[in-house]
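Dear colleague,

I am passing on the structure below for you to look over. My notes follow it, and I would be glad to have your comments.

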Amino acid sequence: MTASNTILTDGFGRKHNYLRISLLEKCNLRCTYCMPADGIALSPKASLMTAEEIFAIAQTFAQNGVDKIRLTGGEPLLRKDFPEIVSKLSTLDISLSLTTNGILIDRHLETLKEFKVKKINLSLDTLVSSKFASITLRNQFEKVVDNLHLLLNNEFHVKVNVVLIKGFNDNEIVDFVKLTQFLPISVRFIEFMPFAGNEWDRSKMVSQKEILSLVETVFATDEIQKLEDEKNFTSRNYKINGFQGDFGIISSITNPFCDSCNRIRLTADGKIKNCLFSNSETDLLTAFRNGESIANLISESIQNKKKVRAGMATVEEIDDPTLHFDNRSMIAIGG
């Protein structure tokens, strides 16, 4: 069976082979752009997918064309049964990867190596310890940096995710790019996006154009190499000539990449989101627990996917809170 004729092709011909699974809603950081200052109401434990349910639901996706699964959270490494989940998923014919804040990497390094989870996205929004504490409300900067080097020393492929917020870390864009001179990492600058409780304000956003302009204040244009976009890309990538690593820009607001979107999100409580910006969800877990087929529910969700950002085609619509205030906080989606 190929993805071209399965339940995972939407009305615009986009084939969805990439499933992002949130393992839980908890996190050991409190990043302000990810969760409200007073936290979120966590789902009861009984409402979250068990390791067996995660595997069974993921298996259905894999049987219909998904060949890439990324584990997210909250912080996925907080799940006590993380090794069991990875062990089960590694038996599927998929590529398995992880997004983490990096704090618990050292505890799980051997598990990641054993089950060949070699592609790691690590969130690090600043290179300044005091600023790290101010945005995460935790003093874990050194731990995260140590674990970043631990991953590199063990030949993991590491992308460093940087959510840019004007007035907070936009003055570190060049510092992050310079970090790629000696480290074989991909730094990915992410435009600030609206989610429940994160005090979205477009004036806080640093656009793709502004990012490149700042880089060009330090590096000559003939030093900045535009890399070829990957298939189903989210990041437009660049490299400074002679540097080991590279950097990219995820411009979901100012230059979206929906035409080639191949991603589906499964929340920790077993609901599909067909778009990061979508307010609507489809409950797979309840149907699964009732012994019903979930294939039709998956197909219906994919068919309802909008062409661009859950129907918010313009920046003006992104600015309209009535169009996205029902969406979850980022921590409960998984990014």
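**Notes on the structure**

Gly-11 is found in the segment before β1 (18–22), where strands (E, at least two residues) and helices (H or I, at least four) are DSSP runs numbered from the N terminus. This is a predicted model, in which local features need pLDDT of at least 70 and side-chain atom pairs count only at pLDDT 80 or more, whereas totals for chains, interfaces and linings use all residues. Residues are numbered from 1 along each chain as its sequence is written, and side-chain values use heavy atoms, with hydrogens and water left out.

With a relative accessible area of 57%, Gly-11 is exposed (over 50%; buried is under 20% and partly exposed lies in between, with a 1.4 Å probe and protein chains only).

Asp-201 sits in the loop between β6 (186–191) and α7 (208–216) and is partly exposed, at 34% relative accessible area. Its side chain makes a polar contact with the side chain of Ser-203 at 2.8 Å (a pair of N or O atoms within 3.5 Å; within protein, one must be able to donate a hydrogen and the other to accept it, and residues adjacent in sequence count only if both atoms are side-chain atoms).

A search of the whole structure finds 0 disulfides, a disulfide being a pair of cysteine sulfur atoms within 2.5 Å. Cys-27 is in no disulfide, and its nearest cysteine sulfur, that of Cys-31, is 6.3 Å away. Cys-261 is likewise in no disulfide, the nearest cysteine sulfur being that of Cys-258 at 6.6 Å, and Cys-261 counts as buried at 12% relative accessibility.
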